[in-house]
Amino acid sequence: VDLQYRYPSYTQLEPVDVDSSGDIAALKGTMVRVRIAPTVPTQGGRVVLDGGDTLKLVPQADGKLMAMLRVDKPVFYKVELQGPDGKMVTGSLDYTIDVLPDRPPTVEFTKPGRDQKVLSVDEVYTEVRAQDDYGVAKVDLVYSVNGAEEHSVPLQNGAKAIRDISAGHTFMLEGLQLEPGDIISYYARATDNNTVSGPGKASTDIYFMQVRPYDNEYRQQQ
């Protein structure tokens with residue numbers, strides 16, 4: 001049994017030939033080309049899945065047989081081949097089909113990564129790093145002033161997903177019309193590009209910037 005994995009398009013992976021005893025382990029949505037080399041000539045056959053589903057094995061010019069199956073759920077499968085009398089006979093042991101998980105992304109602040117006290121005219125730089133095994137599709141920075149309505153700043157929303165991305169945003173506090181005692185809360189969230197099982201999501205912890213008053217300087221009167 002020869003296998004070739006044709007991964008879902010969102011993974012941006014090329015087809016891969018897999019050395020296998022017949023067992024399959026791949027992401028959900030992967031198309032697997034199963035190519036059978038019979039030990040004696042046969043006119044055809046089929047792949048039989050748990051539950052009674054069957055896939056026809058198509059004869060090839062080199063004498064091998066081929067079928068395409070989709071990885072959707074963990075099941076067993078076996079190969080049946082057509083004998084000289086036209087009846088199907090079992091041609092293999094039971095093989096397994098395992099569905100590998102597409103893990104959600106990870107996201108963290110690399111700068112500053114802590115709460116801060118700031119002045120109302122400061123420019124505060126933040127940097128976010130997001131990673132995913134097959135690609136980060138979207139990264140947003142979300143902030144709120146004094147618990148009011150949240151505002152979202154897109155940091156990554158390109159047509160091509162990236163496995164490891166760092167992006168920055170500078171808070172221009174002067175434009176927010178802040179007063180001493182005001183608090184800006186913010187966090188980042190990342191979404192991967194899984195179009196088969198649905199996008200995986202992750203968020204950072206919430207960090208805070210508290211606006212402090214200007215320093216008062218005192219001197220003795222002459």
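Start by selecting aspartate 17: with a relative accessible area of 56%, this residue is exposed. The bands used here are under 20% for buried, over 50% for exposed and partly exposed in between, with a 1.4 Å probe and protein chains only. The model is predicted, so local features need pLDDT of at least 70 and side-chain atom pairs pLDDT 80 or more, while totals for chains, interfaces and linings use all residues. Numbering runs from 1 along each chain as its sequence is written, and side-chain values use heavy atoms, without hydrogens or water.

**Stop 1: the salt bridges**

Aspartate 17 sits in strand E2 (residues 16-18) and arginine 33 in strand E4 (residues 31-36), so the pair ties together parts 16 residues apart in sequence. Strands (E, at least two residues) are DSSP runs, numbered from the N terminus. Arginine 33 is buried, at 12% relative accessibility.

The salt-bridge rule asks for a side-chain nitrogen of Lys or Arg within 4 Å of a carboxyl oxygen of Asp or Glu. It gives 10 salt bridges.

Next, select aspartate 164 and arginine 129. Here the closest N and O atoms of the salt bridge are 2.6 Å apart. Aspartate 164 belongs to strand E15 (residues 162-172) and arginine 129 to strand E13 (residues 123-145), so this pair ties together parts 35 residues apart in sequence. Aspartate 164 is partly exposed at 37%. Arginine 129 is also partly exposed, at 30%.

Now pick lysine 138 and aspartate 140. They meet in a salt bridge of 3.8 Å, N to O. Lysine 138 is partly exposed, with a relative accessible area of 34%. Aspartate 140 is buried, at 6%.

For a network of salt bridges, select Asp2, Arg35 and Lys64, which are linked in one.

**Stop 2**

Show E13 together with strand E14 (residues 151-156). The two pair in the antiparallel sense over five bridges; pairing requires at least two bridges found by DSSP. Valine 139 stands opposite glutamine 156 in E14. Five residues separate the two strands of this hairpin. In the turn, click asparagine 146: its phi is positive, about 55°.

**Stop 3: the nonpolar cores**

Select Val139, Leu141, Phe171, Leu173, Tyr186 and Met209. These have the most contacts inside the largest nonpolar core, a set of 25 residues. A nonpolar core joins buried Ala, Val, Leu, Ile, Met, Phe, Trp, Tyr and Cys residues through side-chain atoms within 4.5 Å. Strands E11 (106-111), E13, E14, E15, E16 (183-192) and E18 (207-211) each supply at least two residues of this core. E13 gives the most, with seven residues.

Center on phenylalanine 171. Leaving out residues up to four places away in sequence, it touches Asp122, Glu123, Val124, Thr126, Leu141, Tyr143, Tyr186 and Met209. Contact means heavy atoms within 4.5 Å.

Then move to Val32, Ile36, Leu57 and Tyr95. They are among the 20 residues of a second, separate core.

**Stop 4: a loop glycine**

Finish at glycine 52, in the loop between strand E5 (45-49) and strand E6 (54-59). This glycine is exposed, with a relative accessible area of 52%. Draw a distance from its C-alpha to that of serine 166: the two lie 48 Å apart in space and 114 residues apart in sequence.

Terms used: Helices (H or I, at least four residues) and strands (E, at least two) are DSSP runs, numbered from the N terminus.
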